[in-house]
Amino acid sequence: MARPRNPRPLPPALLLLLPLLLRAGDHLPTEGRLTNSCIQARRKCQADPTCNATYHYLNSCASSISTSSPAEEPLVPEDCMEAAQQLRNSSLMSCTCHRRMKNQATCLNIYWTIHPARSLGDYELDVSPYEDTVTRKPWKMNLSKLNMLIPDSDLCLKFAMLCTLNDKCDRLRKAYGEACSGSRCQRHTCQRQLRAFFEKASEPHSQGLLLCPCAPTDQGCGQRRRNTIAPSCALPPEAPNCLELRHVCVSDPLCRSRLADFQTHCHPMDILGTCATEESRCLRAYMGLIGTALTPNFVSNINASVALSCTCRGSGNLQEECERLEESFSHNPCLMEAISAKMRFHSQLFSQDWAASTFSVMERQIKINCTSESSPNQRVSTPCLLSFLFFVTLLAFILNRSAELAFSLPALPLSELQPPPPITEEDAQDMDAYTLAKAYFDVKEYDRAAHFLHGCNSKKAYFLYMYSRYLSGEKKKDDETVDSLGPLEKGQVKNEALRELRVELSKKHQARELDGFGLYLYGVVLRKLDLVKEAIDVFVEATHVLPLHWGAWLELCNLITDKEMLKFLSLPDTWMKEFFLAHIYTELQLIEEALQKYQNLIDVGFSKSSYIVSQIAVAYHNIRDIDKALSIFNELRKQDPYRIENMDTFSNLLYVRSMKSELSYLAHNLCEIDKYRVETCCVIGNYYSLRSQHEKAALYFQRALKLNPRYLGAWTLMGHEYMEMKNTSAAIQAYRHAIEVNKRDYRAWYGLGQTYEILKMPFYCLYYYRRAHQLRPNDSRMLVALGECYEKLNQLVEAKKCYWRAYAVGDVEKMALVKLAKLHEQLTESEQAAQCYIKYIQDIYSCGEIVEHLEESTAFRYLAQYYFKCKLWDEASACAQKCCAFNDVSISTLVKDLDFKFEDMTLL
């Protein structure tokens, strides 16, 4: 008997991923685990009689919503729309569901009841009722039957066997196989079992079966892939019209929700050709449609194109609408790229040479760079790896700003260059552990990096050890924050490693064993623990030990609240101190002092520094000298055309000036350079905001925050977008996040004041406007807002002071004198009111400002009446004639009285 052939060994990459393919399925998320489930929101609404009555009225509206043809959108009565608007500030308006929750049908019914006018044809980003929440449990492994994998079989068969090895996947697959086969197949039952499989089976299993790659010549593999969704039973026997199919789908809350989710995540929605969300969400939304009326499938056995099982024949005048729906599947670049990427990934899993080729390239690079030519098998030399590690460390801790500053200075001759730092015995002993830990640190495996650095004695290794522990705690805190239920829980999430780090670093600090980087980390830990005074002392010490570490200066800058506090700091007398003072003056809105510092730095040799030029532009932006700031930014773009830093500030200036074409060009240009930078996302967000597409703008600000959750500008701008969308609760959360990042951001304080003013809570907005005024004491907008709050609280004396102060510091919006005049008019102080109106008109005509006719007409009308009472007929007539130019009907009686007066004077 022939000896049985040994099974072909699996590639290393597949062995690493088999635990993901062989584990049990995800748990169904309960409604309590969702951030704001519609079921939870409905229960809260029931406790409020007004909300409950409004919801019941909307529920009765659902039966009145009808469509006359499959292509038309639901016709919603106006009273139903008004009822929906009454719920805009309740938790119902922002509630979501989950495709794996137990009461999904009930949740979706609630969602579509409160959103009766949501359109499914315009691909708006907020139409999806689903929240992307994944709750996982450790999966079980079963490696006992891996020998069943046939080496020469196609990949679809291999993934089918992997599903068979998993109990849950095998059970769900058999269930829909039985429901979708045989002569008595019921299409409704088959679709329900299909949905159950793709909802409950783990994604590696379901995606492996559905998106397994096949060779173009292997029709058997393609046939198995098409049969995954049972085309003989789950699809209609004859291809119906696509618009009729969509009409059936829209009438079903579940199918409508899946279609909305697909449109949200798989549609190319912006000017830059990028997709709305990442590929994984698009695939999840695509798979969610399987088992509904709009079930897509592969077109043939020989390619990976997908399409709906419908036709556009007989569409008549709606042919274009039907083709657009059909092409949203068959010619969707986002969906095609997501499917292709997943198939490439699945192909790599079973590629024998994939992992080996990757490691061989790395091995060749090490041999070329770090071994001697005479003995290629010799161990990598210590000086080579230490020089490499020194370079990597510099990249990690010294940002590109130092390179910019060095470039702006004249080059040094070779004789004046500083020698590299000497290698200590401790560095040599810890070299291997440091190399391994640095590799793990670079891929964000912080606990693993800290584990291999435990016990190292060199200062470099000790800093990386402590810093890895700190970042590990921060990462875990961020993960818990994402899973928390609401803002109260989010505020209670802490970095559990901070206290242990403080104890250990404190001992080292008392023993004088911390270098500049160690002191920097110690200061960061103290700041995170809200020990501000101790943190300031440690950061000051860090600047003395390592003056060139800009990170310590920046952390110190974030803790200084005013100029008086700055005077008591004992800072090192070095040129870095001048950069620090210029930066802190800009942050404290001391713009004249900041500009003087930057000019001094330019005079001493930093004239080529693009960093200084950009900071000068930011300074002019802060004092609202928009023309000067725009001019400097344009020069900076010519000097450094590929610069991305500070371009979000440049886009803010273009937004204020409504320069749509320039902002569009900037967005395209930055996207070509690097579309995954935070600044690029903010620029694109500003562009969409200028076009009044606030949902898309908010999406890009959210992308920016995914890249950097502590990016101040994105939080503030997202708050502005939520204000435009009348979502006050989300705006408040965004502004509060901005204040957590930087308490000196006056825009966030001012935005909170505006939000609470909309909510008609004057005491709250008064507090926030005061904080904004403290940060910007010479900004007339803050003073006018304060005056309006005092006026609503009937504190008229304080209101008059604020309005007059706003005029004195330079009224930007030209509204302070008008409001002050109306306040005097309300207090029957006619002479003071007339003086304010006179100054207002003089200012308007002197600067050539174009203002609202209403305010100018109001001023002339009051002055005409005032002069009439004072019997100054000529002045009253002139003002009355001015009012006639604004079509002020209320002045007609006064004009007639003046005509009678002039007739009497003529007779006399």
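Reader: Which residue follows helix 31, and what is its phi like?
Author: G605 follows helix 31, and its phi is positive, near 135°. Keep in mind that this is a predicted model.

Reader: What span should helix 31 have, and how far apart are its end C-alpha atoms?
Author: Helix 31 has 13 residues, 591-603, so at 1.5 Å a residue it should span 18 Å. Its end C-alpha atoms are 18 Å apart, which agrees.

Reader: Which residues of helix 31 are buried?
Author: I591, A594, K597, Y598 and L601. They sit on the same side of helix 31, because the arc they cover around the axis is only 125°.

Reader: And what is exposed on the other side?
Author: E592 and D603 are exposed there.

Reader: What covers the buried residues of helix 31?
Author: The cover includes helix 30 (575-587) and helix 32 (610-622).

Reader: How many residues line the second largest pocket, and which lie nearest its centre?
Author: The lining has 25 residues, and R624, Y655, V656, H720 and R781 lie nearest the centre.

Reader: Which elements give two or more residues to that lining?
Author: Helix 34 (647-656), helix 36 (678-690), helix 38 (712-724), helix 40 (746-758) and helix 42 (780-792). Helix 40 gives the largest share, six residues.

Reader: How do the lining residues divide into nonpolar, polar and charged?
Author: In the second largest pocket, 12 lining residues are nonpolar, six are polar and seven are charged.

Definitions and conventions. Residues numbered from 1 in each chain as written. Predicted model: local features only at pLDDT ≥ 70, side-chain atom pairs only at ≥ 80, totals over all residues. Heavy atoms only, no water. Helix = DSSP H or I, 4+ residues; strand = E, 2+ residues; numbered from the N terminus. Expected span 1.5 Å × (residues − 1). Buried < 20%, exposed > 50% of the residue type's maximum accessible area, 1.4 Å probe, protein only. Arc of directions from axis to C-beta. Contact = heavy atoms within 4.5 Å. 1 Å grid on protein atoms, 1.4 Å probe; cavity = no way out; pocket = protein on both sides within 12 Å on 5 of 7 lines; lining within 4 Å. Nonpolar A, V, L, I, M, F, W, Y, C, P; charged D, E, K, R; others polar.
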